[in-house]
Amino acid sequence: MSAYEKFAQVYDLFMDNIDYEGWAEYVTDRLREYEITDGLVLELGCGTGTMTGLLAGKGYDMIGVDNSEEMLAEAMEKRVESGQDILYLLQDMQEFELYGTVRAVVSVCDSLNYITDRDELRHVFELVNNYLDPEGIFLFDMNTVHKYRDLLGDTTIAENRDEGSFIWDNSYDEEEGLNYYELAVFLPREDGLYEKSEEVHCQKAYPQEEIETLIKEAGMELLAVYDAYTLNPATEDSERLFFVAREKGKKKQ
């Protein structure tokens with residue numbers, strides 16, 4: 001997995017097209033559906049902590065895990081501004097460790113697509129299952145093969161704003177199911193010039209059936225798959241899927 005470095009400074013600026021508040025409502029509704037109205041909730045790949053903060057505002061005791069120091073620095077600034085009591089951990093989600101179990105685990109913004117090896121993704125699911133309370137809930141979204149192959153593949157996205165600019169070149173390797181993002185970020189300096197930095201990110205396109213299989217291999221029960229952030233069933237045209245899984249195997253006290 002690749003960590004966001006310079007892009008972390010402008011990540012929120014360029015992600016302002018995402019309806020985080022609507023997503024947080026949706027996630028909260030799904031948690032309440034399974035009677036999780038409070039308690040410890042972990043967000044994997046929490047980034048700059050936008051969703052973590054919103055869920056904390058809904059009454060959950062939040063833990064955020066991310067492997068980017070730069071993204072967590074932004075998250076911690078937000079925590080100071082909000083006064084919220086959120087625990088942020090600098091950990092790779094592929095090897096995350098907690099002191100105990102949590103009622104739910106959440107992952108949004110296709111964070112899990114950054115895990116490009118099938119066995120490693122299953123291992124993450126196994127870790128989630130391990131750290132969930134008995135019958136705890138796992139909620140996560142992932143981008144689809146359709147999105148990478150037909151919509152993002154071999155396109156260039158660019159934005160130019162006063163606070164910074166970026167050029168985002170996508171290339172999709174259909175044989176490997178890998179989408180590469182070559183990201184060039186231009187940030188203004190105090191002397192009025194712009195400093196360019198480059199990062200390369202890679203995400204894996206997993207077929208829906210494979211994700212469902214990995215959930216079951218990890219010992220969890222698949223409860224639902226939606227066209228993300230709706231209650232509509234997933235289709236071939238879905239760009240993002242939302243999965244609901246449940247821990248099974250532990251005994252409730």
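Domain bounds here come from an automatic or database domain assignment. On that basis the protein is divided into domain 1 (2–143 + 205–245) and domain 2 (145–202), and the C-alpha centres of domain 1 and domain 2 lie 23 Å apart. The model is predicted, so local features need pLDDT of at least 70 and side-chain atom pairs count only at pLDDT 80 or more, while totals for chains, interfaces and linings use all residues. Residues are numbered from 1 along each chain as its sequence is written, and side-chain values use heavy atoms, with hydrogens and water left out.

The loop between β4 (102–107) and α5 holds C109, and D110 also has its place in the loop between β4 and α5; helices (H or I, at least four residues) and strands (E, at least two) are DSSP runs, numbered from the N terminus. Neither residue is a glycine, yet phi is positive in C109 and in D110. Both are listed below, where buried means under 20% relative accessible area, exposed over 50%, and partly exposed in between (1.4 Å probe, protein chains only).

| Residue | Phi | Relative accessibility |
|---|---|---|
| C109 | about 60° | 13%, buried |
| D110 | near 50° | 11%, buried |

Helix α5 (residues 118–131) contains E120, which is partly exposed with a relative accessible area of 35%. Together with D92, E95, E97 and D117, E120 forms a negative surface patch.

Key
Patches are made of residues with over 30% relative accessible area and no salt bridge: like charges are joined within 9 Å, nonpolar side chains (Val, Leu, Ile, Met, Phe, Trp, Tyr) within 5 Å. Accessible areas come from the Shrake-Rupley method with a 1.4 Å probe; for residues, only the protein chains shown count as cover. A salt bridge is a side-chain nitrogen of Lys or Arg within 4 Å of a carboxyl oxygen of Asp or Glu. Lys and Arg count as positive and Asp and Glu as negative; His and the chain ends are not counted. The place of a charge is taken as NZ of Lys, CZ of Arg, CG of Asp or CD of Glu.
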